[in-house]
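Good morning, and thank you for coming. Today I shall speak about aromatic rings and the nonpolar core around them.

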Amino acid sequence: VSTQSGHSAGETETLPSVVISRAGRLDLVELCSGIPVSPLPSPRTRTPGIAHAPVRNHNLTPDERFVIKKDIFGSKCSFQKYKLILSKVTLLKVLFRRQAIRNALRYFPKHCHAELAPELAKELDDFGHIYMYRFMPDTSLMRAYPFGEYRSRTTAGAAIMHMIMNNLDRAVAQFPEELVTYGGNGQVFSNWVQFRLAMHYLSIMTEEQTLSMMSGHPAGLFPSHRGAPRVVITNGMMIPNYCSREMYDKLFAMGCTMYGQMTAGSYCYIGPQGIVHGTTITVMNAGRKFLGPNNITGKVYVTAGLGGMSGAQGKAVVIAGCIGVIAEVSREALEKRYQQGWIHEIIDEVEACVARVIAARKAKEILSIGFHGNVVALWEGLVCHTKKTGENIVELGSDQTSLHNPFNGGYYPVQLTFEEANKMMGEDPTRFKELVQESLRRHVEAVNYLVTKGMHFWDYGNAFLLEASRAGASVKKEDGTFIYPSYVQMTVGDVFSLGFGPFRWVCTSGDPEDLRKTDEIAAEVIREQLQENPTPEEVNNLQDNLTWIEQAGANKMVVGSQARILYSNQAGRTRIAKAFNDAIAQGVISAPIVLSRDHHDVSGTDSPYRETSNITDGSMWCADMAIQNVIGDASRGATYVSIHNGGGVGWGEVINGGFGMVLDGSVEAGDTAVRMLHWDVSNGVSRRAWSGHPLANSAISATSSTVPGYNLTRYNDTDEELINQI
């Protein structure tokens, strides 16, 4: 593929008007050729029959009009002056709309503008965002094609294209035609032209260039060097004083910023498997903590969400060995998980669901039920059963709705049907917000009642307690802290402090046999670790992880790319990476492997309501760790790096980052992976140790005594009696 030099946006002049498919496959050469402009592709819009993103709301609301009125004219504003300010608001909306269209048109030469401008304006008006559907390939054919099929000058370029296309696979993505991978608004790109440009740049990139990605926008290829990242990704970076949801809505519509979630905008998503291991660990450890060891069989866990990463819950409850009931309002999402084998049954009525749970408890079944309906209706039905019979049939509860995005499809109020909610959130966002908050208050009231009857509840890091508190629900103690723990405070925080976290890899060959071999290699590394006198806490994690990886193939968790997740610590990750690279060099594994991890990990994320909620020295509100992590990964040779504002708990609530590391069997790749992975884990463990966490202190002490080059500032215990006297 030749470089399109001389064209500011990488456009080409002689491409066919549509993406050509060959025997049910996309033409990858065409897909990587830039922006087709002569002729333009035929107009397109959303494909019926598949899930689509809700209409995005970006208009100034009546409340905002009042604020402008009050700020400019004071509270005693005359009618004439109020009319004037409303006209100014209208003008602002017109100017804002025009700027969004102007921003979209700058990707195209001027001879295209007259044809495209009305179409782009209609997309903005109809959907609240300009997706550029005209340039969308056939998403039914979008998938992670084998590494060798991509025309690229670099191994890294082909591997990253494999990762990107997996994120947009219909079997993987939540709203594939809106480029949303998961979480309701977790974008890979902001529009389809950005996708085409990124694929083009990745195909022509050399080892002496780096692709700069700014909130979905491919800024282009810049000179660098072989040791630099091939791609640097930023998503949603904002000046702090302007980081509001309202500002996000406007800037996203204008094409200026993007919500990359965690692994959506960093091209590392591996389907719901991505959090199956963590969810399994959480449910198992909650059972051990609240119900006793080996006592989870026949116990019931109720939660919500099956659309994106929350889809992992159906598989996790089965692996953990309990009965799971997962509510989901979208029939399409339920059917997808049912067809993929991630839930066993679908039930539509509350009474039928309660009856099925009672029968499953009695038989001590291991069962995953998808409840088609609103989770608030389910909780209230369970309350009715308990009040009527005196019997509580739920031991464990949580929630994985996308409450980081509560008013635009992340949470559906119980008062409306799914269809009614999708309509109202675009047409009457103020009223929709009121209903969401009323629903949250009812949600909490039902949960609180069942907790008094013996249920144990935790926040799953989705901003449930945060948004419930903002809605006025009873979720806080007198001291202002939440009445329920986050899952990080409850179990996973200790796991992170030991250095264990969601390590991932993708076999770019697309061959299940390669994945099977990596499972065997990883299992052997864990067996070796168990023979090396680990601490009791490490033994528990290693044994759970060994069971996980030995059963991974049988649990059939692959959706999309041939990928695996495994909670591993620093020693495990570095050894596994080296062993994988050696296997590629020896031809045991047939193609490169991309190493990655969830941003939700030991070091990658600063989030006071989730990943860093168990850091108690006050620095839970600081984001130095995540920023240091991405800079450190880049300087140590990661193939690509990313840093995002937002994630599972919401815009402005978290800074998180990730990486991709391509193993190609070379000595250089093996050495680089070990060097980079040491930092990627120890950065977070040392920060947790400095906050005073004893497990982290033990873990970083062991690392620094066995790995050369560490010389760390150490935490010293304080005399609490002395402190209390001051």
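There are 21 aromatic pairs in this structure; rings of Phe, Tyr and Trp (its six-membered ring) pair if their centres lie within 6.5 Å, and planes under 30 degrees apart count as stacked, over 60 as edge-to-face and the rest as tilted. Y248 and F252 are a stacked pair, because their ring centres are 5.7 Å apart and their planes stand at 15°. Both residues belong to helix α7 (residues 245-253), four residues apart, about one turn of the helix. Helices (H or I, at least four residues) and strands (E, at least two) are DSSP runs, numbered from the N terminus.

The model is a predicted one, in which local features need pLDDT of at least 70 and side-chain atom pairs count only at pLDDT 80 or more, while totals for chains, interfaces and linings use all residues. Residues are numbered from 1 along each chain as its sequence is written, and side-chain values use heavy atoms, with hydrogens and water left out.

Are Y248 and F252 buried or exposed? Buried means under 20% relative accessible area, exposed over 50%, and partly exposed in between (1.4 Å probe, protein chains only). Y248, at 9%, counts as buried, and F252, at 3%, counts as buried too.

The rings of W505 and F580 have centres 5.0 Å apart and planes at 70°, so this pair is edge-to-face. W505 lies in strand β14 (residues 501-507) and F580 in helix α20 (residues 570-585), so the pair ties together parts that are 75 residues apart in sequence. Both W505 and F580 are buried.

Let us turn to the core. A nonpolar core is a set of buried Ala, Val, Leu, Ile, Met, Phe, Trp, Tyr and Cys residues joined through side-chain atoms within 4.5 Å. The largest one has 148 residues, and W505 is among those with the most contacts inside it, as are Y267 and L595. Helix α6 (residues 192-204) supplies the largest share of this core, nine residues. Apart from it lies another core, of 54 residues, including V302 and F457.

Finally, consider R564, in strand β15 (residues 562-568). R564 is buried, with a relative accessible area of 3%. Which side chain does R564 join through a polar contact? The partner is D519, at 2.9 Å; a polar contact is a pair of N or O atoms within 3.5 Å, where, within protein, one must be able to donate a hydrogen and the other to accept it, and residues adjacent in sequence count only if both atoms are side-chain atoms.
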